[in-house]
Amino acid sequence: MKEKSQPLTWLNAILNRKAADFYRKKYKSEPQISLDHFFDETGSWKNDGVLNDWNVSEKETDLLDNDDFNKILEDCIEDLPARWKIPLKMYYLQEKKAPEVSQELQISATNLWKVLQRSRMQLRECLDNNWFAKL
Amino acid sequence: MLRKLIHILFLPCSKATLLMEKRNAQLISRKEDRQLSMHLKICKWCRAYEEKLKILDDILKRKRSHKENIEINDSDIQSFKNKVLNKLDI
């Protein structure tokens, strides 16, 4: 090693470790799932958006044949953070039972409920805003 | 106001929506199930949300079968192509 490059390599090594630590911490800690966006401090709904009528009963069957709706639904799912998206996809698209999902992902059952709850809250809102409100 | 008080005393909506997930997976305890039913009787917001969850659930479940259909078709086509290729070789 040349004498000149030493301080830089040294600093690089520190930076590398810092970055690795940052991500390790991020992935190891249990995800904090905040519902502040939907509920106030007493745990009641913050807004009435949930009351919008979806009016799907008779159209429900052909929603999935509608390309626009499919696109929006997929976008809404893709917009979820990876840690929520993966359990949701395993649960639905791969038809895994809840205990299997939490075992495979190494998360507690309680946390899985929270993840599912949170991601469906968001999915509901996303569809409300991007699809049903525009009908 | 009364409604709000009942929510805090019995079960806040934030908790009720969590129990809905458990009920959906049929892993809810009897006590929780009763709590949730009680809550749904008095809370129109959560009733509306539950309605939507059912729709969402249904859509997501059927989306899977939609996808599977397409996948099966693709593999069918592939195996068909392979068969034709095999026969051409002979």
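Which residues of helix α5 (residues 98-105) of chain A are buried? They are A:Ala98, A:Val101 and A:Ser102, where buried denotes 20 or more other C-beta atoms within 10 Å of the residue's own, exposed 12 or fewer, and partly exposed anything in between, with C-beta atoms placed from the backbone. Seen down the axis of α5(A), these buried residues fall within an arc of 95°, so they line one face of the helix; the arc is that of the directions from the helix axis to the C-beta atoms.

This is a predicted model, in which local features need pLDDT of at least 70 and side-chain atom pairs count only at pLDDT 80 or more, while totals for chains, interfaces and linings use all residues. Residues are numbered from 1 along each chain as its sequence is written, and chains are lettered from A and ligands numbered from 1 in the order in which they are written.

Helices (H or I, at least four residues) and strands (E, at least two) are DSSP runs numbered from the N terminus. The cover over the buried residues of α5(A) includes α4 (82-92) and α6 of chain A. A:Gln106, with a positive phi near 60°, follows α5(A).

Helix α6 (residues 109-130) of chain A contains A:Asp128, which is partly exposed, with 16 other C-beta atoms within 10 Å. Beyond its neighbours within four places in sequence, A:Asp128 is in contact (C-beta atoms, placed from the backbone, within 7 Å) with A:Gly49, A:Asn52 and A:Ala133.

Between the chains, 28 residues of chain B are in contact with 25 residues of chain A. On the side of chain B that touches chain A, α4(B) supplies the largest share, 15 residues. The residues of that side divide as follows.

| Class | Residues of chain B |
|---|---|
| Nonpolar (Ala, Val, Leu, Ile, Met, Phe, Trp, Tyr, Cys, Pro) | 14 residues |
| Polar (the others, Gly among them) | 4 residues |

Methods
Contact = placed C-beta atoms within 7 Å.
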